[in-house]
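Hi everyone, and thanks for coming. Please take a look at the chain on the screen, and then I'll walk you through it.

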Amino acid sequence: MPASTAPAASAESLAASGTLRLATIGAGRIGANHAEIAARRIPGAALAAVSDPVADAAERLATELGVPHATTDAAEVLGRDDIDGVLITAPARAHTDLVVAAAAAGKHVFVEKPMAVALADADRAIAAADEAGIVLQVGFNRRFAPGFAAARAAIDNHKVGTPQLLRSLTRDPGPFAADPSRIPQWTIFLETLIHDFDTVCWLNPGATPVSVHATADALIRPDAKAAGHLDTAVVTIRFDNGAIATTEASFSALYGYDVRAEVFGSAGMVTAGDARSTDMTFYGADGIHADTARRDTELLRAAYTAELTAFADAIRHKNPAPVTGHDARRALSVALAAIRSVETAAPVAIAEVTE
């Protein structure tokens with residue numbers, strides 16, 4: 001989105017306090033992670049309010065972080081004149097309406113992925129942000145992980161040449177213990193692989209995805225497949241520059257949380273990501289051992305901090321968001337094509353879901 005000035009109320013708040021005042025909407029696992037970063041790790045920013053429909057969750061997080069205001073009502077947060085921006089970390093299906101409401105209230109928005117689960121909703125969120133002139137940033141954190149950022153820099157500096165083969169994967173830490181009946185259908189595409197779809201698009205700059213072929217199954221919980229559960233998937237994406245990308249996901253990697261990417265091009269190759277929590281390797285009588293991360297908030301701690309710092313900087317300096325609503329829409333279009341591909345057991349052109 002283009003750079004824009006902040007709405008009057010937020011501009012006055014920031015000017016009066018000298019501190020960027022943020023609020024979080026959603027106090028669950030990721031909400032708590034983002035709230036802690038906003039409260040303690042972003043220079044010149046403070047967390048002023050916590051909202052969650054569960055009163056105990058909001059109050060507990062606010063107390064833990066020393067935040068002065070906790071509420072069950074997101075509208076109450078959006079109505080406050082002393083809030084400059086909000087971090088939307090509520091369940092995915094609520095994201096679009098919260099983005100639209102925040103934009104109408106003149107609040108800058110950081111929204112976790114996916115910004116929307118339907119293209120019409122993505123368009124609605126983008127239009128609301130453009131009309132309000134607010135920063136709208138989407139939480140594709142891998143762009144801010146040092147290794148992934150270095151890979152993109154190598155591509156931009158033509159070290160890889162023309163990208164030809166790309167790969168991105170997400171393997172959640174196991175053992176898988178969730179109740180499949182509580183996981184919305186197509187989550188593996190809309191909430192897990194959505195990261196990988198954005199990654200391969202971002203690591204193939206200037207190219208547009210044109211077709212998708214997806215395969216998915218319930219290999220971890222085959223007993224839940226009849227109810228629509230999918231926990232393992234591979235998606236192949238063709239781009240208009242000829243490049244071919246493969247993305248994959250699993251809900252249960254017993255060795256830890258695993259996020260990696262690779263770009264092979266005409267002049268070389270770059271890789272990024274790891275499951276290791278540090279670069280220490282222990283060599284002992286029982287063999288070689290490396291510690292692995294067990295949570296995304298552990299493996300990608302630096303990336304989460306960097307993306308929220310970038311959001312604060314975009315507000316403060318009136319810069320464009322580094323990850324836009326249009327980026328989120330593009331990743332969503334790939335996800336929707338993947339869903340249709342699974343339903344039809346055939347390749348699907350992106351145009352079939354976007355037109």
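**A walk through the chain**

Let's start with the inside: buried residues make up 52% of the 355 residues in the protein chain. Buried means under 20% relative accessible area, exposed means over 50%, and partly exposed is in between, with a 1.4 Å probe and protein chains only. Before I go on, this is a predicted model, where local features need pLDDT of at least 70 and side-chain atom pairs count only at pLDDT 80 or more, while totals for chains, interfaces and linings use all residues. Residues are numbered from 1 along each chain as its sequence is written, and side-chain values use heavy atoms, leaving out hydrogens and water.

Now the overall fold. The protein chain has twelve helices and 15 strands; these are DSSP runs numbered from the N terminus, with helices being H or I of at least four residues and strands E of at least two. Its radius of gyration is 20 Å, close to the 20 Å that the globule rule gives for 355 residues, so the chain is as compact as a globular protein of that length. That radius is taken over C-alpha atoms, and the rule is 2.2 Å times the number of residues to the power 0.38. Among contacts (heavy atoms within 4.5 Å) between residues at least 6 apart in sequence, 72% join residues at least 24 apart.

Everything here is found on a 1 Å grid over the protein atoms alone: a cavity is a set of points where a 1.4 Å probe fits but cannot get out, a pocket is an open set with protein on both sides within 12 Å along at least five of seven lines, and lining residues have an atom within 4 Å of a point. Grid points are joined across faces, edges and corners, and a volume is the space filled by probe spheres set on the points.

Which residues lie closest to the centre of the largest pocket? This pocket holds about 1200 Å³ of space, and of its 34 lining residues the closest to the centre are Arg29, Ile30, Lys113, Glu191 and Asp296. Helix H8 gives the largest share of the lining, four residues. By class, there are 15 nonpolar, nine polar and ten charged residues. Here Ala, Val, Leu, Ile, Met, Phe, Trp, Tyr, Cys and Pro count as nonpolar, Asp, Glu, Lys and Arg as charged, and the others, Gly among them, as polar.

The second largest pocket has about 280 Å³. Its lining has 16 residues, and Gly273, Asp274, Arg276, Leu299 and Leu300 lie nearest its centre.

There are also two cavities of 30 Å³ or more.

Last, some backbone details. Most residues other than glycine have a negative phi, and most peptide bonds are trans. The bond from lysine 113 to proline 114 is cis, with omega near -10°, and proline 114 sits in the loop between strand S5 (108–112) and helix H6 (119–132). The bond from glycine 174 to proline 175 is also cis, with omega near 0°. Proline 175 is in the loop between S7 and H8, and tryptophan 186 has its place in the loop between S7 and H8 too. Tryptophan 186 has a positive phi, near 70°, and is buried at 17% relative accessible area. Lysine 318 also has a positive phi, near 55°, but counts as partly exposed at 43%.
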